[in-house]
Amino acid sequence: KAQLITLEQRRAFLAGRRQLASDAISRDSRMADVACFLIPAAQPLTLHFLGVLPGGELLVMALFPFALAMRHGQAWGRRIKSLTFFGGFWLLAQLVTDVVRRTDTVDMAKGLASILFFSIDLLCLAILINRQQRRFIFFGIGAIVGSALYIYLSPGHSPIPDATFAINWKFGYTSVFTPMVMLISCYFFRRRQYYVVLLAAAAVAGVNLLFNARSAAIMVFVSS
């Protein structure tokens, strides 16, 4: 009887641990989903330190240690190791170049900081997104929101009062509406309604060409 009680207690203990682990994974997953949205959405908020640091990069700096802890050993897969190696090699090459050319200390710090921030951004996003489709979608939505806020919050990027709609489209509105159309078209692509995707891509590319936003039109053609 004592052995039976012990076995029942052990089963209950193991079941409780599995439930706690499942809850922790679910909590981490929700946090990663929110982070994938907030990082691009926070881009319009900036801090002036060794240049201009967008809010998204500041958020990445804060989240990076938690992203590593969340994935534990899985964070250092082949993809992440490759990104770390090439990022470190790029940083070292830039440092050697600046020393040989005797670059000014401030300019050197700005250049190295740009490489460091870019590498950490890439690593953090690779860990957070982790090839999960819904997080790509959250990131895309956040990028659209961030672009919309960027138009109105960043000096020099708000709509030009006396300019034509074509000018404001080329230098502002296309960065919101073009990715929005392409993101919505992914829904129809998943449902294998490819003609809708082609029509949407052709329409938004045509509007960009009409308003002389050639780079946006080319990106639509390439991504389609």
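Helix axes here are lines fitted to C-alpha atoms over the stretch in contact, with angles running from 0 to 180 degrees between N-to-C directions. I needed that before looking at helix pairs. I also noted that this is a predicted model.

**Entry 1, overall layout.** I looked up the secondary structure and got eight helices and two strands for the protein chain. Reading from the N terminus, I have the order α-β-β-α-α-α-α-α-α-α. The chain has 224 residues, and 29% of them count as buried. I also checked contacts between residues at least 6 apart in sequence: 61% of these join residues at least 24 apart.

I took helix α7 (residues 194-210) and helix α8 (residues 214-223) as a pair; their axes come within 7 Å and cross at roughly 160°. Angles over 145 degrees count as roughly antiparallel, so α7 is roughly antiparallel to α8. I have the crossing down as left-handed. On the α7 side, I listed A201, V204, A205, N208 and L209 as making the contact. The α8 side supplies R214, A216, A217, V220 and F221. Sorting the residues of this contact, I get eight nonpolar, one polar and one charged.

Next I went to helix α5 (residues 133-153), where R135 lies. Is R135 buried or exposed? I find R135 buried, because its relative accessible area is 5% and the cut-off for buried is under 20%. I then followed the side chain of R135 to the backbone oxygen of L128, which it reaches at 2.6 Å. Leaving aside neighbours within four places in sequence, I noted R135 in contact with S29, A32, D33, C36, L128, I129 and N130.

How values were computed:
Residues numbered from 1 in each chain as written. Predicted model: local features only at pLDDT ≥ 70, side-chain atom pairs only at ≥ 80, totals over all residues. Heavy atoms only, no water. Helix = DSSP H or I, 4+ residues; strand = E, 2+ residues; numbered from the N terminus. Parallel < 35°, antiparallel > 145°, perpendicular 65-115°, else oblique. Left-handed = near helix turned anticlockwise from the far one by under 90°. Contact = heavy atoms within 4.5 Å. Nonpolar A, V, L, I, M, F, W, Y, C, P; charged D, E, K, R; others polar. Buried < 20%, exposed > 50% of the residue type's maximum accessible area, 1.4 Å probe, protein only. Polar contact = N/O pair within 3.5 Å; in protein donor to acceptor, adjacent residues only side chain to side chain.
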